Amino acid sequence: MTQSSAPASGGAPAVAPGAAPRPGRDHRVDALRGVALAMMFVDHIPDNVLNRITLRNLGFCDAAEIFVLLAGFASMLAYGRAFARESVRSAMSRLLRRCGKLYLYQVGMLLVSIGVITQWRLIHWVPVDFLEPELAHGWTSLWRAMTLMALPGNLNILPLYILLLLLFPVIYWVSRRSGWLTLALSGGAWLMVNLDPALNLPNWLDPDGWYFNPFAWQFLFTLGALAASVTQARGGDLPRYRLLVAFCWGYLGFSAVQAFPWAQWHLPNLAPFDIDPPLKTPLSPLRLIDVLSIFYLVQSSPLMQRFASGRAGQVLAVLGRHSLEVFSAGTLLDLLAKLLFATFGSHWALQIGINVVGLGTLYLLARALDRRKALRKQAQKRTTGRTTGRTTGRTTERKAEQRQQADASARGASHQDPVAAS
């Protein structure tokens with residue numbers, strides 16, 4: 001078996017719009033996250049014809065699995081480094097601030113969603129149960145959603161992310177002592193859920209509990225975090241083994257044939273087995289192997305590294321660099337798209353308009369955020385430079401004054417009365 005690696009960094013730097021990425025940087029994670037975000041936008045619109053060709057119809061897993069796996073990967077890069085280099089208090093402060101930001105975005109999307117649906121129904125009747133059954137309760141159940149006791153559909157992945165981030169210090173602490181122990185504990189919890197799906201957190205809107213069962217999905221998050229530790233030690237790459245690559249491609253081919261919606265395309269069913277789709281809530285093994293195969297092929301491939309650093313890859317990577325903002329905007333655009341389809345029908349003109357405008361808006365938003373981040377860094381550099389210059393100038397002035405004082409003292413000593421001096 002052979003291995004290959006390429007020098008890369010696991011980080012995700014901001015790249016100024018139109019500028020080439022810095023040589024040696026690894027943008028595969030950002031590009032893959034960008035693919036997931038674009039697919040999530042498409043998938044969350046039931047009448048969108050584009051979702052017939054997204055990942056969920058070409059395999060067992062979908063964009064959500066990629067999103068959570070990469071969340072674990074990015075958390076290890078960001079907060080794992082913070083725990084390693086900073087005090088526990090400083091690292092925890094950063095992590096909790098991120099959780100607070102996630103919660104604010106969750107609440108913001110919730111309030112906007114309820115407000116938009118309420119106002120839309122005043123103008124044009126739409127079946128609210130079709131749009132968001134959970135929001136039919138209106139403002140009276142808002143406190144339940146604010147406390148994450150009620151998780152509306154399409155607004156249920158950020159609460160999972162918050163919970164997993166709060167769990168991250170434990171994952172990090174155990175992984176520092178033993179990666180295998182971390183795998184055993186996390187995998188054991190995942191296995192228990194698959195053996196007993198009733199093991200879940202309560203959801204006031206769903207008697208079955210959280211749609212993304214945190215006891216199962218933490219395993220995917222943990223695998224992402226451990227993968228980041230491996231890539232950090234190898235310059236950004238996962239070790240590449242030919243047999244494992246062949247297995248991953250073979251499995252993805254099988255899952256594509258098995259999961260493909262043959263009936264929707266009016267084609268004969270070529271699925272080799274008559275089995276039900278693997279369950280998403282407990283993260284069934286078929287879905288888990290599917291997403292791990294995708295991630296391994298991407299993160300072990302120098303070819304994918306070159307693609308992600310190129311022009312086409314950067315179109316996707318710019319979305320991934322601002323995943324929270326892009327996801328939140330995409331969720332609200334999904335709601336508007338569903339309202340438009342419910343009101344005016346899902347004809348081709350509206351299909352094209354919604355997808356072009358929606359995906360274009362997300363890309364422009366990400367570009368604007370990239371530009372703002374780049375400008376902030378430039379401003380910080382200028383501020384640092386001015387501060388350094390002022391400090392250097394003051395130091396130079398003090399040294400000049402000291403030299404002048406020393407010279408004056410020397411001249412004074414040379415003009416002393418020799419008798420007095422003796």
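View 1. Ile45 is buried, with a relative accessible area of 0% (buried means under 20%, exposed over 50%, partly exposed in between, using a 1.4 Å probe and protein chains only). This is a predicted model, in which local features need pLDDT of at least 70 and side-chain atom pairs count only at pLDDT 80 or more, while totals for chains, interfaces and linings use all residues. Residues are numbered from 1 along each chain as its sequence is written, and side-chain values use heavy atoms, with hydrogens and water left out. You will find Ile45 in the loop between helix H1 (28-43) and helix H2 (63-85); helices are DSSP runs of H or I with at least four residues, numbered from the N terminus. Leaving aside residues up to four places away in sequence, Ile45 touches Asn51, Asp334, Ala337, Lys338, Phe341 and Ile354, where contact means heavy atoms within 4.5 Å. Ile45 and Leu333 are 288 residues apart in sequence, yet their C-alpha atoms are 9.4 Å apart in space.

**View 2. Helix H7 against helix H8.** Helix H7 (residues 179-195) packs with helix H8 (residues 214-233) at an angle of about 155 degrees, their axes being 7 Å apart. Axes are lines fitted to C-alpha atoms over the stretch in contact, and angles run from 0 to 180 degrees between N-to-C directions. H7 and H8 are therefore roughly antiparallel (over 145 degrees; under 35 counts as roughly parallel). On the H7 side, the contact residues include Leu183, Trp190 and Val193, which meet a set in H8 that includes Phe215, Phe219 and Leu226. By class, this contact of H7 with H8 has 9 nonpolar, 6 polar and no charged residues (Ala, Val, Leu, Ile, Met, Phe, Trp, Tyr, Cys and Pro count as nonpolar, Asp, Glu, Lys and Arg as charged, and the others as polar).

**View 3. Helix H8 beside helix H10.** H8 and helix H10 (residues 285-299) pack at an angle of about 20 degrees, with 12 Å between their axes. That makes H8 roughly parallel to H10. Phe219, Leu220, Leu223, Ala227 and Thr231 of H8 make the contact with Leu288, Val291, Leu292, Phe295 and Gln299 of H10. These residues divide into 8 nonpolar, 2 polar and no charged.

**View 4. Aromatic rings.** The structure holds 16 aromatic pairs (ring centres of Phe, Tyr or Trp, the last by its six-membered ring, within 6.5 Å; planes under 30 degrees apart are stacked, over 60 edge-to-face and the rest tilted). The rings of Tyr211 and Phe212 have centres 5.1 Å apart and planes at 75 degrees, so this pair is edge-to-face. Tyr211 is partly exposed at 37% relative accessible area, whereas Phe212, at 5%, counts as buried. Phe60, Phe247, Tyr251, Phe254 and Phe273 form one aromatic cluster.

Note on methods. Helices (H or I, at least four residues) and strands (E, at least two) are DSSP runs, numbered from the N terminus. Angles under 35 degrees count as roughly parallel, over 145 as roughly antiparallel, 65 to 115 as roughly perpendicular and the rest as oblique.
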